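Reader: I would like a close look at one part of this model, the pockets and the helices around them. Please take it slowly and say how each term is meant.

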Amino acid sequence: MTPDTPTTDASIRAAALLREHRASIDRLDAILVYTLAERFKHTQAVGRLKAEHALPPSDPAREARQIERLERLSQEADLDPEFARKFLAFIISEVIRHHEKLQK
């Protein structure tokens with residue numbers, strides 16, 4: 001066995017693990033995209049209901065509750081709560097923007 005063999009074997013194992021992790025990441029990305037699409041289908045329906053009934057496009061009290069809930073869930077899931085807060089804030093801003101468009 002040459003001195004390079006352990007490194008080569010380790011590199012081969014590392015490359016295989018990297019492929020497995022990347023395949024999992026790719027599957028999770030697909031789940032995220034389809035989940036967001038489903039979520040936005042429902043928020044669009046909410047926006048149409050709000051427009052039909054002259055309700056405001058945003059609900060600050062609900063948004064605050066949702067942010068608190070997501071922060072709690074992120075802590076339970078060992079996800080950075082600041083990241084979760086920013087992510088939900090972005091989604092909420094997009095939903096409100098769509099709701100405002102529906103009211104015009």
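Author: Residue classes come first: Ala, Val, Leu, Ile, Met, Phe, Trp, Tyr, Cys and Pro count as nonpolar, Asp, Glu, Lys and Arg as charged, and the others, Gly among them, as polar. By these classes, the lining of the largest pocket consists of twelve nonpolar, three polar and two charged residues. The model is predicted, so local features need pLDDT of at least 70 and side-chain atom pairs count only at pLDDT 80 or more, while totals for chains, interfaces and linings use all residues. Residues are numbered from 1 along each chain as its sequence is written, and side-chain values use heavy atoms, with hydrogens and water left out.

A pocket here is an open set of points, on a 1 Å grid over the protein atoms alone, where a 1.4 Å probe fits, with protein on both sides within 12 Å along at least five of seven lines; lining residues have an atom within 4 Å of a point. Grid points are joined across faces, edges and corners, and a volume is the space filled by probe spheres set on the points.

The largest pocket has a volume of about 420 Å³. It is lined by 17 residues, with L70, L73, F87, L88 and I91 nearest its centre. At least two lining residues come from each of α1 (4-52), α2 (60-76) and α3 (81-102). Helices are DSSP runs (H or I, at least four residues), numbered from the N terminus.

I91 belongs to helix α3. I91 is buried, because its relative accessible area is 6% (buried means under 20%, with a 1.4 Å probe and protein chains only). Apart from neighbours within four places in sequence, I91 is in contact (heavy atoms within 4.5 Å) with L36, R39 and F40.

The second largest pocket holds about 290 Å³ of space. Of its 15 lining residues, R39, T43, R62, V95 and H99 are the closest to its centre. Helices α1, α2 and α3 each give two or more residues to this lining, and α3 has the largest share, five residues. This lining divides into six nonpolar, four polar and five charged residues.

Helices α2 and α3 also meet each other. Their axes, lines fitted to C-alpha atoms over the stretch in contact, come within 9 Å and cross at roughly 145°, where angles run from 0 to 180 degrees between N-to-C directions. Among the residues making the contact are L70 of α2 and L88 of α3.

Technical notes:
Buried means under 20% relative accessible area, exposed over 50%, partly exposed in between (1.4 Å probe, protein chains only).
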